[in-house]
Amino acid sequence: MSASFAASVVGVGICAPGMIDWVVARDVLCGRCEWRPDPLPKLDVPLLPSTERRRVNPAARLAIAAAAQAVAPWPVDRRASIASV
């Protein structure tokens, strides 16, 4: 017996060298502009308390920044209830 489930993509965020957000990444990935591996700025993670913000590692900063971009257009109450992986 196999289980079934439904999934959907409802927001996109990206943080990568030369692609600081989805708007830039979309143009690069669609070939509308050339990719340049510009270094990322230090990413702020304002969603975390200040004590955690000081301790968070670079990989977690990337993940949090991308996730924050993905849900930025949503109402605050909807952000709090999203399931993610």
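The chain contains four helices and zero strands, where helices (H or I, at least four residues) and strands (E, at least two) are DSSP runs numbered from the N terminus. Followed along the sequence, the pattern reads α-α-α-α. The structure is a predicted model, in which local features need pLDDT of at least 70 and side-chain atom pairs count only at pLDDT 80 or more, while totals for chains, interfaces and linings use all residues. Residues are numbered from 1 along each chain as its sequence is written, and side-chain values use heavy atoms, with hydrogens and water left out.

The overall dimensions come next. The C-alpha trace spans about 45 × 40 × 30 Å along its principal axes. The radius of gyration of the chain is 15 Å, whereas a compact globule of 85 residues would have one near 12 Å; the radius is taken over C-alpha atoms, and the globule rule is 2.2 Å times the number of residues to the power 0.38. The accessible surface amounts to about 6600 Å², with 61% of it belonging to carbon and sulfur atoms, as computed by the Shrake-Rupley method with a 1.4 Å probe.

Of the 85 residues, 19% count as buried. Buried means under 20% relative accessible area, exposed means over 50%, and partly exposed lies in between (1.4 Å probe, protein chains only). Contact means heavy atoms within 4.5 Å; among contacts between residues at least 6 apart in sequence, 32% join residues at least 24 apart.

In soluble globular proteins, nonpolar side chains tend to be buried together. Here the largest nonpolar core consists of five residues, I14, A16, M19, A25 and V28. Such a core is a set of buried Ala, Val, Leu, Ile, Met, Phe, Trp, Tyr and Cys residues joined through side-chain atoms within 4.5 Å. Residues up to four places away in sequence aside, M19 touches I14, V24, A25, V28 and W35.

Three further positions illustrate other parts of the chain. S4 lies in the segment before helix 1 (22–29) and is exposed, with a relative accessible area of 73%. S4 and R26 are 22 residues apart in sequence, and their C-alpha atoms are 31 Å apart in space.

A59 belongs to helix 3 (residues 58–71). A59 counts as exposed because its relative accessibility is 53%. Its C-alpha atom is separated by 18 Å from that of W22, 37 residues away along the chain.

R79 is found in helix 4 (residues 76–79) and is partly exposed, at a relative accessible area of 32%. Beyond its neighbours within four places in sequence, R79 is in contact with V71, A72 and W74. R79 and V9 are 70 residues apart in sequence, with 14 Å between their C-alpha atoms.
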